[in-house]
Amino acid sequence: MAETILRTLTNETGDERVMIVRRADGAYTYRREWHGEGGWSGALDLGLYDSADTAEAEARMRVGWLVPAFH
């Protein structure tokens, strides 16, 4: 199974994004990336979760610019 990006959330300025990803092993994660002169970079996978909903909820609790959108 290939990795699948299920959802992309982008901050207001468009220079940071969080992607909800189903990994090739079937687990879910959220991935943070930053946009700079060379394009998107960073690509940090943060945590392993049992569902896309759980990965997104965790991202919304931990990523500062997503927190206000959670309420």
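A charge sits over a ring if NZ of Lys or CZ of Arg is within 6 Å of the ring centre and within 35 degrees of the ring normal. With that in hand, here are the views.

View 1. The model shown is predicted, so local features need pLDDT of at least 70 and side-chain atom pairs count only at pLDDT 80 or more, while totals for chains, interfaces and linings use all residues. Residues are numbered from 1 along each chain as its sequence is written, and side-chain values use heavy atoms, with hydrogens and water left out. In this close-up, R17 lies over the face of W40, at 3.9 Å from the ring centre.

**View 2. The whole chain, for orientation.** The chain has two helices and four strands, where helices (H or I, at least four residues) and strands (E, at least two) are DSSP runs numbered from the N terminus. Read from the N terminus, the order is β-β-β-β-α-α. The radius of gyration, taken over C-alpha atoms, is 12 Å, close to the 11 Å of the globule rule for 71 residues, so the chain is as compact as a globular protein of that length. That rule is 2.2 Å times the number of residues to the power 0.38. Along the principal axes, the C-alpha atoms fill a box of roughly 30 × 30 × 15 Å. Buried residues (under 20% relative accessible area; exposed is over 50%, partly exposed in between; 1.4 Å probe, protein chains only) make up 32% of the 71 residues.

**View 3. The largest nonpolar core.** A nonpolar core is a set of buried Ala, Val, Leu, Ile, Met, Phe, Trp, Tyr and Cys residues joined through side-chain atoms within 4.5 Å. The largest one here has 10 residues: L9, V18, I20, Y28, Y30, Y49, A55, A59, V63 and L66. Two or more residues come from each of β2 (16–22), β3 (28–36) and α1 (52–62). In soluble globular proteins, nonpolar side chains tend to be buried together.

**View 4. The stacked pair Y30 and Y49.** Rings of Phe, Tyr and Trp (its six-membered ring) pair if their centres lie within 6.5 Å; planes under 30 degrees apart count as stacked, over 60 as edge-to-face and the rest as tilted. A search of the whole structure finds one aromatic pair. It is formed by Y30 and Y49, stacked at 6.3 Å centre to centre with 25° between the planes. Y30 lies in strand β3 and Y49 in strand β4 (residues 39–49), so the pair ties together parts that are 19 residues apart in sequence. Both Y30 and Y49 are buried.

View 5. L9 belongs to strand β1 (residues 4–10) and is buried, with a relative accessible area of 8%. Leaving aside neighbours within four places in sequence, L9 is in contact (heavy atoms within 4.5 Å) with E16, R17, V18, E56, R60, W65 and L66.

**View 6. D15 in its loop.** D15 sits in the loop between β1 and β2 and is partly exposed, at 36% relative accessible area. Apart from neighbours within four places in sequence, D15 is in contact with E33, W34, H35 and W40. The C-alpha atoms of D15 and H35 are separated by 4.7 Å, although the two residues are 20 apart along the chain.

**View 7. R31 in strand β3.** R31 is placed in strand β3 and is buried, with a relative accessible area of 11%. Not counting residues up to four places away in sequence, R31 touches E3, R17, V18, M19, V21, A43, L44 and D45.
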